[in-house]
Amino acid sequence: MSQISEEAIRDVVTEVLSRLQSTSGAPAAPAIHTRPGRHGVFDDADTAIAAARGGFEQLRAKGWAARTRIVEIVKQMCVDNAQRWGDIEYNETKIGRHAHKPAKLQGVKNVLGTEYLMPYGMSGDLGITMDEAAPWGVIAAITPLTHSIPTIAGNIVNMVAAGNAIVCNPHPGGAGCAALAIDEINEAIKAELGISNLICTIEKPSLDSFDALCKSPDVDLLCITGGPGVVDAAMKVGKRAVCAGPGNPPVVVDDCSALDFDRVARDIITGGGFDNNLLCIGEKQIFAVGPSYQLTLDALKRQGAVVLNSQQLEAIKKEVFSYKDGVGCRKAILNRKFVGANPHELAAVAGLNIDPKVEMLIAETGEDDVFVQEEQMMPLLPIVRANCFQDALRMAKKSEHGDKHSAMIHTMNVAKMTEMGRLMDTTIFVKNGPCTAGLGMGGEGFISYSIATTTGEGITTPRTFTRFRRCTLVNDLNIIA
Ligand code: NAD
């Protein structure tokens, strides 16, 4: 008698169950299987898309309660597994600050779920109309290396709350931890709700799998979280894309005697130093007006930052940046080894031995310095002297490159806050706090790990991932008559 593998038996059983379900009127489970213990993890894009389509149909059949429950499951899993998943992600990606990884996962509990999808009702002499937020179907989520599991988990909360299934094409450098979390989340969803393959991922993502997702007629919407290359590529596809693109957020410190400069410095270190400056919203360059330049620099030192001299800065620059097509905006090539590196590792490049506990390096530079103009994602912030407030605004605007992402100001002058807010026209604008306050950490509001700057949807919510649908009932049901 020939040997039958455990996997073959599992496939036959699943197929029989699938047929039984379809004859009993329940939604048919898709006849697509991942490897045992790899729920939703596939070798290629087409299989993943087909599986996610099945997941979408199962979710649709289970309704609103299932969406709400899945949101609760994912949030709880992010809290419960914050340390373990954080460790696994750090060990794979090797970027950012290890100790900050759990906090990013715990933040998923503040992502908006089904509660945010309020229908809008109209009632009058002619009947009743409801404007509803309907799902798209299958969403392709392209996720970054910088926050692999948090972005995927945050996307799941938003997208499943809106009734969608997901296929992820994670960054290859974070694909292992993405698959692990997706496997565990799918397993939990299946155990409680019987839905399989609601979240799918490609085990070895590539430009080809990205291309297949973009071209597939069974992918209804793209959600891109990443840098300029992938955003440009997605915008050319011709399919609706929600693009959470790059940024280079400036922070302006006004010449204002009423400011508490130690607090300003602490805010800059808290925001810019978080996860070694990997946050797209993170403070990336400081413009300080007149006397506030020295006051900010002194306060940054008191708050534990280490100020580099010009030789040390140049030594680091030599290792960190290279140039292929000439010098200019977004022409420098980052040595990825130093993205999200610890301050003491960066300092070591310049022969400087500092305490690993240091959260931030500071360098005095001119406005055109590569550290000012590039989104370098390192805990090394340049500080630039501005002659006056207008000068600071001009330099801040230039350094943001029109990404319309994030900007910060420290001032007690409300008119200046308004002036900068209008000029920058960014998606997030924080006054007198760290950048993270703009995502509800130390400020009011909710979080998302995909801030749709390029396409303008802003901090994503479940509503971002819905289609507007109007349902009108004429005359017969007129409840105000
Ligand atoms: P990245 O652009 O290198 O990669 C992001 C994703 O796009 C990955 O999955 C990668 O595999 C894919 N990708 C990259 N180039 C591609 C191309 N030409 N075609 C198809 N796919 C491509 O970025 P990263 O280093 O992973 O993340 C950091 C970048 O993401 C920064 O620019 C940061 O500002 C941005 N980001 C933005 C947000 C936001 O909410 N706006 C959030 C996080 C990160």
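Guide: A pocket is an open set of grid points with protein on both sides within 12 Å along at least five of seven lines. This model is predicted.

Visitor: What makes the largest pocket worth a look here?
Guide: The space taken by the ligand is that largest pocket.

Visitor: What about Ile451 and the ligand?
Guide: A polar backbone atom of Ile451 is 2.6 Å from a ligand oxygen, so this pair also falls within 3.5 Å. Ile451 is listed among the nearest residues too, including Thr143 and Arg336.

Visitor: How much of the ligand does the protein bury?
Guide: Alone, the ligand exposes 830 Å², and the protein buries 86% of that.

Visitor: Which classes make up the shell around the ligand?
Guide: The shell has 13 nonpolar, 13 polar and 2 charged residues.

Visitor: Which domains supply the shell?
Guide: Domain 1 (28-245 + 459-474) and domain 2 (250-443) each give at least three residues. Among the contributing elements, β4 (138-143) and α7 (207-215) each supply at least two.

Notes
Residues numbered from 1 in each chain as written. Predicted model: local features only at pLDDT ≥ 70, side-chain atom pairs only at ≥ 80, totals over all residues. Heavy atoms only, no water. Near = heavy atom within 4 Å. Polar contact = N/O pair within 3.5 Å; in protein donor to acceptor, adjacent residues only side chain to side chain. Areas by Shrake-Rupley, 256 points an atom, 1.4 Å probe, with all protein chains shown as cover. 1 Å grid on protein atoms, 1.4 Å probe; cavity = no way out; pocket = protein on both sides within 12 Å on 5 of 7 lines; lining within 4 Å. Sits in = over half its atoms within 2 Å of the grid points. Helix = DSSP H or I, 4+ residues; strand = E, 2+ residues; numbered from the N terminus. Nonpolar A, V, L, I, M, F, W, Y, C, P; charged D, E, K, R; others polar. Domains from an automatic or database assignment.
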